[in-house]
Every structure is written in C-alpha cells, then in structure tokens.
Amino acid sequence: MAGAATDVMIRLPETFRRAQKCSTANGRLSRQVYLANLSILEMAIKELDRLSTPEIDEAKVCADLNGDNDTEIRVQVIKDRPSRYVGRPRVSRSTRCCIPRAGNSCTRSAMSGP
C-alpha cells in the first residue's frame with residue numbers, strides 16, 4: 001500500500017533530552033529524561049492513562065512518574081500522564097495528541113484529526 005507506515009520514528013528536540021537542575025546530570029544529555037519524554041509523548045498521542053516502559057530512574061528525571069509519591073530507581077509504569085514533560089522542557093505541556101517542538105508550541109499529530 002503506497003504511503004502506509006507501520007512504524008513511525010520521532011526525534012524530539014535536544015531540550016527534551018537534557019536533565020533538570022535537581023538531577024546530578026544537571027543540564028547534560030540524559031537517556032533517562034529522553035526515554036521518559038518519549039513515553040509521555042506516546043501517552044499523549046495514544047490518549048493513554050497508563051504505559052509500561054523500560055526502567056526509568058525517577059530521581060534522574062526529577063519526577064514521580066508512577067504516582068506513588070516516592071522517588072524510585074526502577075519505575076516501569078507511568079500512570080496518569082504527566083501534564084508536563086520532564087527535564088529541561090518542564091515548561092512544555094504534554095498536550096493530548098500533540099507532538100512538541102522547541103519552545104512551548106506543538107504540532108498536531110495526524111492521529112488527532114481536525
């Protein structure tokens with residue numbers, strides 16, 4: 001089928017890969033931050049309230065992702081999609097069905113409809 005895609009690759013702007021001040025990786029590129037932000041984006045696009053992920057260290061992303069009011073080293077489920085992305089782009093909102101760009105704007109995904 002022409003034009004069909006079964007897999008889509010997304011690369012978020014560099015700011016979505018940078019750690020926040022509360023982390024020992026302050027301002028540096030962080031795989032943990034990027035993984036968390038890609039997971040939050042997936043939740044926004046798919047309109048999910050819960051998502052299984054590879055292990056994420058909540059202390060490194062400066063956020064309670066599983067909603068247990070504790071900082072855990074090996075979180076594998078994000079619950080209740082965070083309203084903001086983690087790390088440096090904390091000012092960016094995780095808007096449902098919206099792909100973030102640098103700054104505070106976003107691009108509506110093709111899945112979001114008109």
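Me: A helix here is a DSSP run of H or I with at least four residues, and helices are numbered from the N terminus. Which residue takes a positive phi just after α1?

Reply: The model is predicted. In it, helix α1 covers residues 31–46. Just after α1, a positive phi of about 55° belongs to Glu 47.

Me: Which residue has a side-chain oxygen that reaches a backbone nitrogen at the start of α1?

Reply: The backbone nitrogen is that of Gln 32. The oxygen comes to within 3.4 Å of this nitrogen. The side chain that supplies the oxygen is that of Ser 30.

Me: How many Å does α1 reach from its first C-alpha to its last?

Reply: Helix α1 has 16 residues. At 1.5 Å a residue, 22 Å is expected. The model comes close to that, with a reach of 22 Å.

Me: In what pattern do helices and strands follow along the sequence?

Reply: The chain has 2 helices and 4 strands. Read along the sequence, they give α-β-α-β-β-β.

Me: What share of the chain's residues is buried?

Reply: Buried means under 20% relative accessible area. Helix α1 contributes Val 33, Leu 41 and Ile 45, among others. Of the 114 residues in the chain, the buried share is 39%.

Me: Which element of the chain has the lowest mean pLDDT?

Reply: The chain averages a pLDDT of 78. Strand β1 (residues 50–56) has the highest mean among the elements, 94. The lowest mean, 56, belongs to residues 106–108, strand β4.

Me: How many contacts beyond near neighbours in sequence does the stretch 109–114 have?

Reply: Over residues 109–114 the pLDDT is below 50. Beyond near neighbours in sequence, the number of contacts this stretch has in the model is 4.

Methods
Residues are numbered from 1 along each chain as its sequence is written. This is a predicted model: local features need pLDDT of at least 70, side-chain atom pairs count only at pLDDT 80 or more; totals for chains, interfaces and linings use all residues. Side-chain values use heavy atoms; hydrogens and water are left out. Buried means under 20% relative accessible area, exposed over 50%, partly exposed in between (1.4 Å probe, protein chains only). The expected span of a helix is 1.5 Å times one less than its number of residues. A polar contact is a pair of N or O atoms within 3.5 Å; within protein, one must be able to donate a hydrogen and the other to accept it, and residues adjacent in sequence count only if both atoms are side-chain atoms. pLDDT is the predictor's confidence in each residue, from 0 to 100. Contact means heavy atoms within 4.5 Å.
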